[in-house]
Amino acid sequence: MYSGEWKNDLRNGVGRAVFKDGSSYYGDWKDDRRSGRGSYDFVNGDKYVGQFVNDQMHGWGTYIYANGNKYVGEFNNSSMTGQGTIYYANGERYEGTFFNGLKSGKGKYYFKNGNIYDGYYVADKKDGFGKLTFANGDQYVGQFVNNNRSGKGIFTWGNGDKYEGYFLEGKMEG
């Protein structure tokens, strides 16, 4: 069901549509497609507010999940791709680059326990060079593989003691 502006028998301008599955959209239409600024309510309770291009979430927007998580950032063809921030319901957050909905590239993750990771991600996992600063003052600077400290790195304890060497699956080696 649609109520709004029409042009040449196509939805054009501002309008509201309620779809057969119960989802709804309110916003700009162009040639019968969601294009421009709008708000989409999903059946599962999720909500998107932002830019649309050719019926896709595309450009800058905010995606609010029913579970309390919230993403604010860039979308490309309905996927979180580009710069953005995701706020987790548990108080944690990630600021950085996304690709196809996953943390990918440079980013900074703030853990609810006070730890902070500043480094690179591949497919949602810490991978590449990074710095992990612990709330207690300890710090690791070096390589990560598959979410673990792996490769060359430096671990510095809060008291100033230091280990410089190799790590394997999160443990000091050598």
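Here is what to select, stop by stop.

Before you start, this is a predicted model: local features need pLDDT of at least 70, side-chain atom pairs count only at pLDDT 80 or more, and totals for chains, interfaces and linings use all residues. Residues are numbered from 1 along each chain as its sequence is written, and side-chain values use heavy atoms, with hydrogens and water left out.

Select arginine 34 to begin. You'll find arginine 34 in strand β4, residues 33-41 (strands are DSSP E runs of at least two residues, numbered from the N terminus). Its relative accessible area is 14%, so arginine 34 is buried (under 20% relative accessible area, 1.4 Å probe, protein chains only). Now show its contacts (heavy atoms within 4.5 Å): leaving out residues up to four places away in sequence, arginine 34 touches Tyr25, Asp28, Trp29, Tyr40, Phe52, Val53, Asn54 and Asp55.

Next come the rings. The structure holds 23 aromatic pairs (Phe, Tyr or Trp rings, using the six-membered ring of Trp, with centres within 6.5 Å). Pick tyrosine 71 and phenylalanine 75: their centres are 5.2 Å apart and their planes at 85°, so this pair is edge-to-face (planes over 60 degrees apart). Tyrosine 71 is buried at 0% relative accessible area, and phenylalanine 75 is buried at 5%.

Move on to tyrosine 117 and tyrosine 121, with ring centres 5.3 Å apart and planes at 90°, another edge-to-face pair. Tyrosine 117 is buried at 0%; tyrosine 121 is buried at 4%.

Last stop: charges over rings (NZ of Lys or CZ of Arg within 6 Å of the ring centre and within 35 degrees of the ring normal). Arginine 11 lies over the face of tyrosine 2, 5.6 Å from the ring centre. Then select lysine 152, whose charged end sits over the ring of tyrosine 166, 5.9 Å from its centre.

How values were computed:
Helices (H or I, at least four residues) and strands (E, at least two) are DSSP runs, numbered from the N terminus. Buried means under 20% relative accessible area, exposed over 50%, partly exposed in between (1.4 Å probe, protein chains only). Rings of Phe, Tyr and Trp (its six-membered ring) pair if their centres lie within 6.5 Å; planes under 30 degrees apart count as stacked, over 60 as edge-to-face and the rest as tilted.
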